[in-house]
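Subject: Structure for your files

Hello,

Please find the structure below, followed by notes on what was found in it.

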Amino acid sequence: MIEKIVTDLYCVNKSCKKIRLSLESFLELKDECIEGFLSCENCTSKYPIIQGVPVLMENFHEYARQRILSFGKWIVNSKSPQLKAFLRSEGVKIGNPTYNDRYEENSILYKSYLKDHYGYPSNDKLLSLLNKEIKPDHIYKMLASNSLNLNGIGLDIGCSIGSSTFELSKKLSYVFGIDLSFSFILEARKRMQNRKSRNMEFIVADATNLPFRSKFFQIVVALNVIDRMDFNKLILSINSCIKKYGKLILVDPYHFVDNNGKEEFDSVKIRNKLEKFGYKIKNKESYIPWIIKMNERSYLFYFVDFLEADKNY
Ligand SMILES: C[S@@+](CC[C@H](N)C(=O)[O-])C[C@H]1O[C@@H](n2cnc3c(N)ncnc32)[C@H](O)[C@@H]1O
Ligand SMILES: [Zn+2]
């Protein structure tokens, strides 16, 4: 974690008054904290920084329980005695561990995302069949288009490996990418370092309990995530940190398949809902191709709706 962003991070304990966190660093590399804690002086919550990734989850041992294989590696690879001791003490609280988060290392979707959004090989079979009319990076590139007129500080919700965050960083002064998947955030940070980008940071956080102060973001973007979470909680969480007249961009195929009873949306329903939550919708429904390669013989193909809305108040 780039150390200077600590001033932008707030406690996510819901029973604490959201206060700014302070940094205790045990292992550093240039201006980055590799191992340490973000601590709240008010409620004494401690959020670990593991392999450079800040994990700002309200309940760390529950987070670790759901990705027990990654948790094992965090313990094995931690260098400082303080982080090792913290992880061990959290480990004692874990009952019924699982490792089936679909976006963590070793899962099929993680591997598909690693196949670069920035283009498949020129001989890719499906794209060749379609005369390369579909570009895997098209929806991400749309975020850097001049017509959106983006500026200020941005938030990219469910950023995965950062493809959309990198595009946003071309227009914004600073952008935060957040995701629940530790593996995605670790990979996004590697790509950020390879690009030598300095106006972004990636954090593990829950979109429905964000670690930022109110009215902090001029732009909030969420691509292909609304079937993953409770939309009412998501929009309340966004409203807690978006500026007056800030811009919200939702890009989604409304693909509600294994949604475990979550509220379902289509292009009309989502626009109505956003209006109720204080947004002015700027555009009509669109059908933009989005493709993810699962393996050499299978792809997921969607038409996504690119929705742009301004916060009225
Ligand atoms: C379908 S993927 C979309 C990834 C990326 N936005 C894109 O379009 O390429 C959904 C992402 O949302 C993340 N996610 C799911 N629930 C989340 C939550 N409550 N908070 C933050 N991220 C979440 C997943 O880990 C995953 O990376
Ligand atoms: Zn606190």
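A residue is called buried here if 20 or more other C-beta atoms lie within 10 Å of its own, exposed if 12 or fewer do, and partly exposed in between, with C-beta atoms placed from the backbone. This is a predicted model: local features need pLDDT of at least 70 and side-chain atom pairs count only at pLDDT 80 or more, while totals for chains, interfaces and linings use all residues. Residues are numbered from 1 along each chain as its sequence is written, and chains are lettered from A and ligands numbered from 1 in the order in which they are written.

Helix α3

Helices (H or I, at least four residues) and strands (E, at least two) are DSSP runs, numbered from the N terminus. In helix α3, residues 81–91, the buried residues are Leu83, Phe86, Leu87 and Glu90. They line one face of the helix, because seen down the axis they fall within an arc of 95° (the arc of the directions from the helix axis to the C-beta atoms). Pro81, Ala85, Arg88 and Ser89 are exposed on the other side of α3. The cover over the buried residues includes strands β1 (22–29), β2 (32–39) and β3 (46–50) and helices α1 (60–65) and α2 (68–77); contact is taken as C-beta atoms, placed from the backbone, within 7 Å.

Domains

The chain is divided into domain 1 (3–91) and domain 2 (122–311), with bounds from an automatic or database domain assignment. Domain 1 gives 17 residues to the contact and domain 2 gives 14. On the domain 1 side, strand β4 (residues 53–56) gives the most, with 4 residues. That side divides into 9 nonpolar, 3 polar and 5 charged residues. Here Ala, Val, Leu, Ile, Met, Phe, Trp, Tyr, Cys and Pro count as nonpolar, Asp, Glu, Lys and Arg as charged, and the others, Gly among them, as polar. The C-alpha centres of the two domains lie 25 Å apart.

Ligand 1

Of the 19 residues around ligand 1, Gly158, Ser160, Ala207, Leu223 and Arg228 come nearest (a residue is near if its C-beta atom, placed from the backbone, lies within 6 Å). Helix α7 (163–169) and strand β6 (174–179) are the elements that give two or more residues to this shell. By class, the shell has 9 nonpolar, 7 polar and 3 charged residues.

His255

His255 sits in the loop between β9 (242–252) and α10 (267–276). His255 is partly exposed, with 14 other C-beta atoms within 10 Å. Leaving out residues up to four places away in sequence, His255 touches Asp227 and Tyr302.

Regards

Conventions
Contact = placed C-beta atoms within 7 Å.
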